[in-house]
Structure formats: structure tokens, C-alpha cells
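Please look at the sequence and the model first.

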Amino acid sequence: MPVPRGLRGPDLRMRDAGCPDEPPHPRLWGHLRTPPIGCGGLSLALELPALVRQLRAAWRARREGPPGPEGGQASTWVESDKVKVEEVKRVAEDGIAHVEADGRLTSGHAGALLVERRGSYPLIDVRILKSKTSAQQGEVESGRRQVKRQLSFQRYCHASRLLRGLVPRAPGTPHLLDDDYMGQAAYMLSKVGTWNFDIFLFDRLTNGNSLVTLMCHLFSVYGLVQHFQLDMVKLHRFLGMVQEDYHPQNPYHNAVHAADVTQAMYCYLQEPKLAEHLSPQDVFLGLMSAAAHDVDHPGVNQPFLIKTRHHLASLYQNTSVLESHHWRSTVGMLRESGLLSHLPDDMSQDMEQQLGSLILATDISRQNEFLSTFREHLDSQDLDLQLATHRHFILQIALKCADVCNPCRFWELSKQWSERVCEEFYRQGDLERNLDMEISPLCNQLADSVPAIQIGFISYIVAPLFEEWHRFAEPSPLSRTMMGHLHKNKARWSRLLCARAASDPRTHPGAAGPGSGGEGGGIR
């Protein structure tokens, strides 16, 4: 069976810094037993993901071949691909040669990385970090060679879409969803502009493709494909890369969070005061920045990357490390997919820069900077949404609101997000404890409770921001709904904290203050 052209070539390029070692994914169907394609009548947003998975699964089944004598041809293909793997590994070895023994990047390598996608891989590994901090020089050199070999192969794995979970990861998960599930997902899309949208249910109904499905639908709603003359295959490939580069093992910073932020951003773009002034490019940038604002997030915050001398911290000089990485990764995917390649160079470069400005605005350390500027504009009433610069600033504020809007959702959804983000905090704290490092604020599971973290987060981060957005919206029904949920949720967390303190007198409230360095809506 010939290999489809779209599945070879660019997907095998070395694009990133590697991926973690993953167990081989189980084959859910035997040789030539892939299920029939039955996507007729569905919208392209729901049909194309299933079709792509179908083609890839068939290619994998054919490539691996059946057991016994029938697998001879497949073995030949495997042997030929092994040669390609070795070639990519040698290229990766040359790149890793720029990494110093302590894990820092040389300036030569940093310059090369600026124009390509990079990953936060390898994932934080206790053994590697301990060898870097406590081993003698000889052991460090040995560990360096081991890490270089690991990274070389991981780069190839991370770059190849044919080796990274192209079939569903969970055993027994079907490739295609039945008509009932598809119908429910389509019905939910018709309600995507409502604030009680349940992104977790939508993700289940789309078989884990909530981000791709949602973005395709919103692009269709706004007519962005026609306006920018986008290639639907390239668009879907780009969105698939974005969704795939979120780490599913993160409790909070994963593709579902990105889809949730995108849905919230869509709600804000529909605000009457803003909607009538937005251009197609504003909408395009707003949705794209929301979808990719946390792409390839490693699940730990910036201070942890700095303390462990991670290569991203060195690359971005300890300033907006994660946000800069999210932006540059997005630009790399845009260029690799060729989504904007048909546009004039100056236009595509300007869109990349504006995309970076939006994503960098989500840096929680810049919260007071944006909040004070927003407050000054509202006090002086000098916002003119006819000006592109003022519209861009409001898009920055809207993305910041969407990124931390979880406490403004209804209780059941807000509570689930709160537990997820705290679990991610606690995982970092456990890792720091294992490394004999000082545990970061809000990351100590023994001292920092979920109610205390959320009360501090709402008081010092969310409430001040959304109070100003409420003023800007003059106020709208949506802003009233959000503020109502915010006050109710804070009161409920307070009751839970009091009940916890009453049941355990030793409990220390420890609510997050403005100097805690944490972000209740996401680790930064």
C-alpha cells in the first residue's frame, strides 16, 4: 500500500526538542480490520478528524504488516524507515552538541531555535535533575551523553506524527463515534455562545477532539476560511498539531483547557460593545491566540524552570519563559503547516507579531501592568475601538479574562477546574520535595488547601480584572452572569474553608496573596 503523500515528508522533519519515552500504543484493530468510514452528512469540523484518523490507522496497520510470512513487505518498510531514524538522530545529535553539561543552551543554538518549533520536552525527570545537581563531574559527563542519546531519539518521535499516538491512546476507544454522539456534539456547537457550555462533556462527545472541532466550527461561523482564503486541509493540520502538542498528562494545562479558553473568548468577542468594531483579522487573532496560548505547557511554572536551569529559561533569559515558548511554538506550527503561506509576507509576519503580543499578555507577572492601564482608560473614557491599537489592547484583556475565567463559571464546572489546577500545583510541589528543593508557594499539598488557594486567587487576581471588564461591558448580561457566579463561588469556597478549619484546628488557611507568585487559573 503506498504511503499517502500528506502523511510523509514534512511530518518527519525534526521540529522540536523531543518527547518523553512513551509505551507503544496498542493496536485496536488487526491487519486490514479498520472500521468503515461513515461520516456522511456531518459538518467538516466533525468529519475530517475521523477521516484523518482512519487513513493513518490504515497506513499503520499496513506498514506493520500481519504476523508470519505475509509481513515481509512491511518488514522491508520498517528497515528502510530505521535508516531514516538514524539520519534524524545524527542531525539531532549535532543540535544537542550545543547544550552544555549543566543543561544551558549556547547562543548559537538559541539563534537556530528562534525560527523553529521547540518543545518543553524532555519532561521533568527527577533522576536527570538529581544527576545534574549532585553528581560528580565524571558522572555528569556520562549523564550528558545519556541525555543526548535520549533527546536524539525523542526529537524524532516528537516530530513524527506517525509515531505519536495517531490512534486513540486508551484501549477500547473507538476511532469513530456513533451518530448519537455526533448529533449531541453538533447540538452543543449550536449553543457554543452560552456561558454554561460544558467543555468536559463536549470533549467526551468529540472523542478528545474538542479543540479542533470547536475551532473549525468558529472559523465557519465567522467566515474566516473564505475571508482569508484558507486551505481547509492546512487549517485542520495546524489545529491538529496544536491540539496534539498540549500534554494530556497535565491535569490542567491540556487541550481541554485551551478549548475552554477559546469558548470563553468567543463569548467575549460576542459582547455588543466589542463585536460591532471587530475586523476579521481581530477575530482570527483572538481565536488563534486562545487556542494556542498554553501549547506545549510542561505542567510546571516559570520559577521551577529557572531553578532547574531548564533550556527554555536560558533561551528566554528568565523573562516570560512559558509565554514566549507558547508563542514561538505557535509560529513554528503556522509555518510548518503553511496555513498563512499564501498571504503577503508583511501581512503574515504582522499577524505572527500580534499573535505573540496577545499570548505574552497572559503572563500573570504582568497582571498589574495591564490592569492599571485598563483602569486608566476606563476612568478617562478614552477607549476608541475604531483604532486598531485600542482593539488589540481589548483583545489582550479579553484573553487574560478568558484564561482565568474558571471562577466565573457555574459551580460544578468551576470546582472541577479548581481541583485540576491545584492537582497540577501539588505535582510540582511533590517533584520539588523529591529534589530536595524549596517547595513553591501554593504547591505544598500538606499546607495549601484548594479552598484557600481559590479564595486568594479570586480576591487578588480574578475579581479586580473582571470588575474592570464589567465596567467596560457597561454592563452586559454576560458580565452580570459572570460576576454573579464569581461572588457565589467565592462564598462557597469560604464556607468550605471554614468547615475544613472547624474539622481540623491545625489547618492553616494560607490563602494566596498578591505576592504568592501563583495563578489559580494556571501555573505560570
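Of the 524 residues in the protein chain, 54% count as buried, where buried means under 20% relative accessible area, exposed means over 50%, and partly exposed is in between (1.4 Å probe, protein chains only). The model is predicted: local features need pLDDT of at least 70 and side-chain atom pairs count only at pLDDT 80 or more, while totals for chains, interfaces and linings use all residues. Residues are numbered from 1 along each chain as its sequence is written, and side-chain values use heavy atoms, with hydrogens and water left out.

The accessible surface of the chain comes to about 22,600 Å², as computed by the Shrake-Rupley method with a 1.4 Å probe. Carbon and sulfur atoms hold 54% of that surface. The secondary structure comes to 22 helices and zero strands. Helices (H or I, at least four residues) and strands (E, at least two) are DSSP runs, numbered from the N terminus. Among contacts between residues at least 6 apart in sequence, 81% join residues at least 24 apart, with contact meaning heavy atoms within 4.5 Å.

**Helix pairs**

Axes are lines fitted to C-alpha atoms, for helices over the stretch in contact, and angles run from 0 to 180 degrees between N-to-C directions.

| Pair | Angle | Axis separation |
|---|---|---|
| H19 (residues 388–403) and H21 (residues 450–473) | about 130° | 11 Å |
| H20 (residues 411–434) and H21 | about 105° | 10 Å |
| H17 (residues 345–360) and H19 | about 45° | 8 Å |

Angles under 35 degrees count as roughly parallel, over 145 as roughly antiparallel, 65 to 115 as roughly perpendicular and the rest as oblique.

Take H19 and H21, which pack at about 130°. This angle makes H19 oblique to H21. H19 passes H21 in a left-handed crossing; a crossing is left-handed if the near helix is turned anticlockwise from the far one by less than a right angle, and right-handed if clockwise. On the H19 side, the contact uses Ile-394, Ile-397, Ala-398, Lys-400 and Cys-401, and these meet Leu-465, Phe-466, Trp-469 and Phe-472 of H21. By class, the contact of H19 with H21 has eight nonpolar, no polar and one charged residues. Here Ala, Val, Leu, Ile, Met, Phe, Trp, Tyr, Cys and Pro count as nonpolar, Asp, Glu, Lys and Arg as charged, and the others, Gly among them, as polar.

H17 and H19 pack at about 45°. That makes H17 oblique to H19, and H17 passes H19 in a right-handed crossing. Gln-354, Ser-357, Leu-358 and Ile-359 of H17 make the contact with His-392, Leu-395, Gln-396 and Leu-399 of H19. This contact divides into four nonpolar, four polar and no charged residues.

How are H20 and H21 oriented to each other? They are roughly perpendicular. Ser-418, Val-421, Cys-422, Phe-425 and Tyr-426 in H20 meet Val-450, Ile-453 and Gln-454 in H21. The residues of this contact include six nonpolar and two polar, with no charged residue.

**Single residues**

Is Gln-367 buried or exposed? Gln-367, found in helix H18 (residues 367–380), counts as buried because its relative accessibility is 6%. Leaving out residues up to four places away in sequence, Gln-367 touches Lys-400, Ile-461 and Leu-465. Of these, Lys-400 of H19 and Leu-465 of H21 also take part in the contact between those two helices.

Glu-412 lies in H20 and is exposed, at 51% relative accessibility. Its C-alpha atom is separated by 9.7 Å from that of Asp-198, 214 residues apart along the chain. Gln-416 is also found in H20 and is partly exposed, with a relative accessible area of 30%. Gln-416 and Tyr-252 are 164 residues apart in sequence and 9.9 Å apart in space, C-alpha to C-alpha.

Two loop residues remain. Asp-436, in the loop between H20 and H21, has a positive phi of about 60° although it is not a glycine. At 69% relative accessibility, Asp-436 is exposed. Glu-474 is found in the loop between H21 and helix H22 (477–503). Glu-474 is not a glycine either, yet has a positive phi of about 70°, and with a relative accessible area of 56% it is exposed.
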